[in-house]
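User: I'd like to learn how to read a structure like this one, feature by feature. Can you walk me through it?

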Amino acid sequence: MGFDDMDVSTIWMNGEYVDWEDAQIHVLTHGLHYGTGIFEGVRAYETDRGPAIFRWEEHLERLYNSAKPYDMDIQYSPEELTEATLEVVRRNDLGGCYIRPIAYYGYDSLGVSPKDNPTDVAIAAWPWGTYLGEDALENGVDVMVSSWRKHASSQIPTNAKTTGLYVNSLLAGEEARRNGYVEAIVLNKEGNVAEGPGENIFMVRDGKIYTPGLSQSILDGITRDTVITLAREHGYEVDDSAVISRGELHTADELFFTGSAAEVTPIRKVDNVVIGEGTRGPVTEELQTAFFDLVERKTDDHEEWFTYVEEQ
């Protein structure tokens with residue numbers, strides 16, 4: 001479903017609420033030419049108290065941290081961005097939805113150095129269902145190991161969620177889809193498993209859970225952290241600094257993706273090699289259930305992770 005098919009009307013842009021179709025930028029915007037933007041992808045879930053944004057404070061903190069290596073000055077406080085986000089959800093009359101805050105170097109002059117350009121900030125929200133397909137959460141997805149490698153943190157900061165860096169993700173994901181797969185897995189420059197184009201990855205073997213560490217050129221995913229926390233609370237041993245070789249993917253008992261968009265999605269096959277029994281594994285299912293019970297507030301755990309759109 002495209003944006004024109006959605007009943008959304010308002011975007012916050014540089015301190016003002018503007019009509020969706022009027023949220024425009026100049027063709028010589030620095031971020032368009034050089035990829036100098038940072039962003040977040042955040043979900044709000046419908047609960048019995050109305051929509052609640054999941055781990056908004058952590059996403060907001062990462063947004064400000066992503067700005068640092070690019071010397072980008074976000075001239076709005078966290079409180080201002082929070083109120084703007086809540087109001088965007090209200091004005092669009094949204095329940096469960098996806099939220100996209102973005103900051104980027106705007107329009108003034110064009111050259112690689114952004115020194116004369118303002119930092120523009122916008123926040124949009126819209127309904128967005130299952131990222132990797134309607135049946136992906138239950139039946140899993142088929143993926144391939146991409147021929148494209150993940151850039152190293154010595155080249156570009158991998159802990160910053162930067163717009164331009166997602167060209168790497170696009171190349172890997174589109175390569176997979178051209179070859180009949182739903183998604184890709186990207187290796188780092190050493191040839192070890194890094195992540196998916198827009199997801200972190202977990203492996204289950206002999207009842208223990210493994211996920212690549214931050215030194216493996218991955219984004220420090222907030223859903224990744226959520227699942228690590230839930231897994232440990234459910235009694236699992238989790239190695240969150242793992243080094244996973246490509247070959248280990250094929251012999252895993254279970255594999256799954258995590259991400260704000262992908263949530264918790266099982267991986268059924270890698271390069272046409274069946275993983276485990278070729279279905280959603282028991283550990284994945286347990287953690288997936290725990291995740292959705294949490295975000296849909298079927299449990300009172302981790303109340304501190306939720307920002308409710310409507311005050312009670």
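**Reading the model, feature by feature**

Analyst: Let's start with a side chain reaching a backbone: a polar atom of the asparagine 168 side chain lies 2.9 Å from the backbone oxygen of arginine 149. Keep in mind that this is a predicted model.

User: Where does asparagine 168 sit, and is it buried or exposed?

Analyst: Asparagine 168 is part of helix H5, which covers residues 166-178. With 13% relative accessibility, asparagine 168 counts as buried, because the cut-off for buried is under 20%. Its contacts, once neighbours within four places in sequence are set aside, are Arg149, Lys150, His151 and Val186.

User: Lysine 150 is in that list. Where is lysine 150, and what does its side chain pair with?

Analyst: Lysine 150 lies in the loop between E8 and H5. Its relative accessible area is 9%, so lysine 150 is buried. The side chains of lysine 150 and glutamate 195 are joined by a polar contact of 2.2 Å. A polar atom of the lysine 150 side chain also lies 2.8 Å from the backbone oxygen of serine 217. Leaving out residues up to four places away in sequence, lysine 150 touches a list of residues that includes Thr158, Asn168, Val186, Lys189, Glu195 and Ser217.

User: Let's turn to helices. How do I work out which way the residues of a helix point?

Analyst: The general idea is that an α-helix has 3.6 residues a turn, so residues three or four places apart point the same way. Now take helix H2, residues 56-67: its twelve residues should span 16 Å at 1.5 Å a residue, and its end C-alpha atoms are 17 Å apart, which agrees.

User: Which residues of H2 are buried, and which are exposed on the other side?

Analyst: The buried ones in H2 are Trp56, His59, Leu60, Arg62, Leu63, Ser66 and Ala67. Looking down the axis of H2, these buried residues fall within an arc of 160°, so they line one face of the helix. Glu57 and Glu61 are exposed on the other side of H2.

User: Now the bigger picture. What domains does the chain have, and how many residues are in contact between them?

Analyst: The domain assignment gives domain 1 (3-127) and domain 2 (134-296). Their C-alpha centres lie 26 Å apart. Across the boundary, 21 residues of domain 1 are in contact with 23 residues of domain 2. The two domains bury about 1,800 Å² between them, with 59% of it on carbon and sulfur atoms. Phe39, Tyr45 and Arg62 supply 33% of the area that domain 1 buries against domain 2, more than any other three residues. Arg62 is also one of the buried residues in H2.

User: And what does proline 101 touch?

Analyst: Proline 101 is found in strand E6, residues 97-105, and is buried with a relative accessible area of 4%. Apart from residues up to four places away in sequence, proline 101 touches Ile38, Phe39, Glu40, Val42, Trp56, Leu63, Ala122 and Ile123. Trp56 and Leu63 are among the buried residues of H2. Proline 101 and lysine 208 are 107 residues apart in sequence and 35 Å apart in space, C-alpha to C-alpha.

User: Last one: what should I look for in backbone angles?

Analyst: Most residues other than glycine have a negative phi, and most peptide bonds are trans. Here, asparagine 14 has a positive phi, near 50°. Asparagine 14 sits in the loop between strand E1 (10-13) and strand E2 (16-19), and is partly exposed at 30% relative accessible area.

User: Where is glutamate 263, and what is its phi?

Analyst: Glutamate 263 is in strand E15, residues 263-270. Its phi is near 60°, again a positive value in a residue other than glycine. Glutamate 263 is buried, with a relative accessible area of 6%.

Definitions and conventions:
Residues numbered from 1 in each chain as written. Predicted model: local features only at pLDDT ≥ 70, side-chain atom pairs only at ≥ 80, totals over all residues. Heavy atoms only, no water. Helix = DSSP H or I, 4+ residues; strand = E, 2+ residues; numbered from the N terminus. Buried < 20%, exposed > 50% of the residue type's maximum accessible area, 1.4 Å probe, protein only. Polar contact = N/O pair within 3.5 Å; in protein donor to acceptor, adjacent residues only side chain to side chain. Contact = heavy atoms within 4.5 Å. Expected span 1.5 Å × (residues − 1). Arc of directions from axis to C-beta. Domains from an automatic or database assignment. Buried area = accessible area lost by both parts, 1.4 Å probe.
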